[in-house]
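Please read them beside the structure.

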Amino acid sequence: MKSEKIIGIMGAMNEEINSILKLMTAVEEFTYGRRTYYTGFINGTKSVVVFSRWGKVAAASTVTSLIIKFNITDLIFIGVAGAINPALKIGDIVIADQLVQHDMDARPLMDRYEIPLLGVTYFKPDSNLMAIAEKAIHEIIGNQARPFIGQDERDRFSLTNPELHKGSIASGDKFFARSK
């Protein structure tokens, strides 16, 4: 018997999840482990949205709760990020074709970026889920992202035509202010 699809959506800041909450219907609010979880439906799919807080430890404990308490079958992590690729502009959307933890360094025991006990450096997302995300993002971009970004914000940040990019996403607990 196939289990019911339940999508978990996490963001590291309240501002990141607020627009997603506007898409939900039949919303219920639960507090668990010092987090507020919002359950409901997005386009008919059962969903749980949560502000995870900052950092890998916060994200790990939040996703653990999503799995154990809310029985999610899929996870989407959304959020604002910086970029080192000069082709990216404010408002562009990036889908990861691989993920790396940029501040993982257990040398000399293993190679830089290698996750201990897993023997992997990069995580690859499911190609079917990537295709679904890409299709949804193209629909949003085609609608000029108006449901998600108000005109005041579009004007303030000079947002014109957001573009979709696929590429590597690096995550970690360090913030960078310059390239060197």
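1. Thr31 has Thr36, in β3, as its bridge partner. The strands concerned, β2 and β3 (residues 35-42), run antiparallel and are joined by six bridges. Strands here are DSSP runs of E with at least two residues, helices are runs of H or I with at least four, and both are numbered from the N terminus. Two strands pair if DSSP finds at least two bridges between them.

2. This is a predicted model: local features need pLDDT of at least 70, side-chain atom pairs count only at pLDDT 80 or more, and totals for chains, interfaces and linings use all residues. Residues are numbered from 1 along each chain as its sequence is written, and side-chain values use heavy atoms, with hydrogens and water left out.

3. The open sheet has five strands in the order β2-β3-β4-β1-β5, and the pairing is mixed. Because β2 (25-32) and β5 (74-78) each have a single partner strand, they form the edges, and one side of each lacks a neighbour in the sheet.

4. Helix α2 (residues 56-70) lies across β1 (6-11), β2, β3, β4 (45-51) and β5, at about 55° to β3. Axes are lines fitted to C-alpha atoms, for helices over the stretch in contact (heavy atoms within 4.5 Å), and angles run from 0 to 180 degrees between N-to-C directions.

5. Most residues other than glycine have a negative phi, and most peptide bonds are trans. Asn71, in the loop between α2 and β5, has a positive phi of about 55°. The bond joining Arg107 and Pro108 is cis, with omega about 10°.
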